[in-house]
Amino acid sequence: MPTVSLTMIVKNEEKYLARCLQSVVNLVDEMIVVDTGSTDQTKFIAEQFGAKVYDYHWDNHFANARNFALQKASSDWNLVLDADEYLVGDAEKCLRSFIETKRAIGRVLIVSKYLDNGEVKYSRQLASRLFPKGAYYKGRIHEQIASDLPHFATSIELHHSGYYETDKTDRNLPLLLLELEDQPDNPYILYHIAINKKNKKNYSAADQYFERAYSLLTGKEGYAPVLVVDYLYNIMANGNLDKGITIIDKEKERLTDFPDFHFVKGLFFMDYIQKDLENRLHMIDWIEQSYLTCIELGESNHNDSVVGVGSFLAAYNLGVLYELFGIIDSAKHYYRESSNLGYQPAADRLNQLLM
């Protein structure tokens, strides 16, 4: 039977580490925890779970630290987790099914919790985290696995809370800028710099990096759809809506099956109409169709999709649209649909309409 090592790099993770290790301790043959300078109880917690703990001098290079952890592992396979992640569901069955039938890089579903304008939201993303011994990492930050093996989705799901009420921009941005010096035309690095600028609400600076990243895309990159969506959100924040119209027109066929694209289109057209309501009122139908398409497509597990854009968030926005134009029966219908899926703002609006 193939053996599996958990490999991790950590620093000051006493808040989350026990939850992570508890979720995986009975699934793996050994746990390798590489500490990059903790001053709290992180190392003690890892040792209490039976992990092999190693110290590593942080050199501002995530791949170097991850590869150090891989070198300490002795199993046939490696499972990589961060301390603020934890496995859910029947992870053992999913893991064993994959490693006993495939020689490949396994992609796991990561559900991340985050705040968006004060509202708790969740996103889904597939990430390569399970792979045979011999593969290694490259990249100073947002490191990637270097291997000729194919990538396949597993049934493993993990939850991630590291972006919730946490700003990692001050840590990530300097490393991204260093990486850009070595790879000035790498759209992936440019994209993540843009995201960090956007997270700091520096929309003008973010736009420059988004534009460069977008211009370098081939369209085959796995992150291309979400880059386009994030670019459109930044364009809305930056106010250069004419640029957004051009991008939407260019991408509408390539992203036709991505609900997040249709969702941001609905928001975008609402902003665009308000700039010239008299001449753009016909675009109301475009907004309606965008959200109806979201619901028709349903939820996506791919491309870093936001949970709800294919269901309760789209239904809620349809309710808002219909209420705005006095189509109250339709507004009630979609608020009810959204409320039935557990979205409290929809329940609140429905109750107001029923009073």
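Student: What classes of residue make up the lining of the largest cavity?
Tutor: This is a predicted model, where local features need pLDDT of at least 70 and side-chain atom pairs count only at pLDDT 80 or more, while totals for chains, interfaces and linings use all residues. Residues are numbered from 1 along each chain as its sequence is written, and side-chain values use heavy atoms, with hydrogens and water left out. Ala, Val, Leu, Ile, Met, Phe, Trp, Tyr, Cys and Pro count as nonpolar, Asp, Glu, Lys and Arg as charged, and the others, Gly among them, as polar. Sorted that way, the lining of the largest cavity has one charged, one polar and six nonpolar residues.

Student: Which elements give two or more residues to the lining of the largest cavity?
Tutor: On a 1 Å grid over the protein atoms alone, a cavity is a set of points where a 1.4 Å probe fits but cannot get out; a pocket is an open set with protein on both sides within 12 Å along at least five of seven lines, and lining residues have an atom within 4 Å of a point. The largest cavity is lined by Thr7, Met8, Ile9, Arg66, Ala69, Leu70, Val80 and Tyr137. Helices (H or I, at least four residues) and strands (E, at least two) are DSSP runs, numbered from the N terminus. The elements asked for are strand S1 (4–10) and helix H3 (62–72).

Student: What is the volume of the largest cavity?
Tutor: Grid points are joined across faces, edges and corners, and a volume is the space filled by probe spheres set on the points. The count is one cavity of 30 Å³ or more. The volume of the largest cavity is about 30 Å³.

Student: And the second largest pocket: which element supplies the largest share of its lining?
Tutor: That pocket holds about 160 Å³ of space, and its lining includes Val111, Glu119, Lys121, Phe312 and Tyr343. Strand S7 (119–132) and helix H13 (312–324) each supply at least two lining residues. With four residues, the largest share comes from S7.

Student: Is Ile99 buried or exposed, and what does Ile99 touch?
Tutor: Ile99 sits in helix H4 (residues 91–99). Its relative accessible area is 4%, so Ile99 is buried. Taking contact as heavy atoms within 4.5 Å, and not counting residues up to four places away in sequence, Ile99 touches Pro2, Val4, Trp77 and Leu130.

Definitions and conventions:
Buried < 20%, exposed > 50% of the residue type's maximum accessible area, 1.4 Å probe, protein only.
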